[in-house]
Amino acid sequence: MTLPLTEQGSLFARIGEEKLRALLWAFYAKATADELLGPIFTAKIGPYPRAGWPVHIARLEGFWRAVLGGESAYRGQPGPAHRHLGATGTHFDRWLALWEATLAEHLDPPEAQALLALAARMRVSLQRFAEME
Ligand code: HEM
């Protein structure tokens, strides 16, 4: 992403693997319980926290490690993964609201703010893919 590498590195270093993992599980607990987002996630990944969730969260952990400057084996393509889900701007608004709430519960304000800004920036291109025919 566009933060300088040193700053990204320090973000992952400051948060640490355990907090990042706990944050992701907590976020997808909220997302799957949400009346708007839940059905989309459940249809694709299965009932939280079983079915495909441990694998999906491990994948997202790799994604966020890469974004935050940690070591990562993530080689996915987040854009295409959002095609044909039926997700619109309303879904992305809700996603970001739940992300913001989870960040506030798990991280200190500077890290929370940084992870919110990163997701808000990525939203633009992910939503473009989501709304492709
Ligand atoms: C800025 C907001 C978002 C970010 C940063 C994000 C990030 C990601 C990432 C990194 C993946 C993994 C892609 C891969 O397989 O390599 C993913 C998958 C997925 N996302 Fe999102 N996402 C966002 C918004 C949404 C929204 C609004 C929805 C709709 C409810 C959604 C639904 C999904 C689903 C269902 C998958 C699994 C796709 C599959 O396995 O085929 N995401 N997301």
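## The ligand shell and its helices

Of the 20 residues around the ligand, Gly76, Ala81, Ala87, Trp95 and Arg123 come nearest. A residue is near a molecule if its C-beta atom, placed from the backbone, lies within 6 Å of it. The shell divides into 14 nonpolar, three polar and three charged residues. Here Ala, Val, Leu, Ile, Met, Phe, Trp, Tyr, Cys and Pro count as nonpolar; Asp, Glu, Lys and Arg count as charged; the others, Gly among them, count as polar.

Five helices each supply at least two residues of this shell: α3 (38–45), α4 (53–67), α5 (78–81), α6 (89–106) and α7 (109–130). The largest share, four residues, comes from α7. Helices (H or I, at least four residues) and strands (E, at least two) are DSSP runs, numbered from the N terminus.

This is a predicted model: local features need pLDDT of at least 70, side-chain atom pairs count only at pLDDT 80 or more, and totals for chains, interfaces and linings use all residues. Residues are numbered from 1 along each chain as its sequence is written. The protein chain averages a pLDDT of 94, and 93% of the residues score at least 70. pLDDT is the predictor's confidence in each residue, from 0 to 100. The model scores ipTM 0.96 and pTM 0.94.

**The chain as a whole**

The protein chain has seven helices and zero strands. Its C-alpha atoms fill a box of roughly 35 × 30 × 25 Å, taken along the principal axes. With 133 residues, a compact globule would have a radius of gyration near 14 Å; the protein chain agrees, at 14 Å. That radius is taken over C-alpha atoms, and the globule rule is 2.2 Å times the number of residues to the power 0.38. Of the 133 residues, 19% count as buried. Buried means that 20 or more other C-beta atoms lie within 10 Å of the residue's own; exposed means 12 or fewer, and partly exposed is in between, with C-beta atoms placed from the backbone.

Helix α2 covers residues 17–33. Its 17 residues reach 24 Å from first C-alpha to last, close to the 24 Å expected at 1.5 Å a residue. The expected span is 1.5 Å times one less than the number of residues. In α2, Leu20, Leu23, Phe27, Tyr28 and Ala31 are buried. They cover an arc of only 125° around the axis, which puts them on the same side of α2. The arc is that of the directions from the helix axis to the C-beta atoms. The face turned away from this buried side carries the exposed residues Glu18 and Ala33.

Helix α4 has 15 residues and reaches 21 Å, close to the 21 Å expected. Arg59 lies in α4. Arg59 is partly exposed, with 15 other C-beta atoms within 10 Å. The C-alpha atoms of Arg59 and Gly16 are separated by 16 Å, though 43 residues apart along the chain. α4 is followed by Gly69, whose phi is positive, near 90°.

**Backbone in the loops**

Most residues other than glycine have a negative phi, and most peptide bonds are trans. A cis peptide bond joins Tyr48 and Pro49, with omega about 5°. Pro49 lies in the loop between α3 and α4. Ala51 lies in the loop between α3 and α4, and His84 in the loop between α5 and α6.

| Residue | Phi | C-beta neighbours inside 10 Å | Class |
|---|---|---|---|
| Ala51 | near 45° | 13 | partly exposed |
| His84 | near 60° | 11 | exposed |
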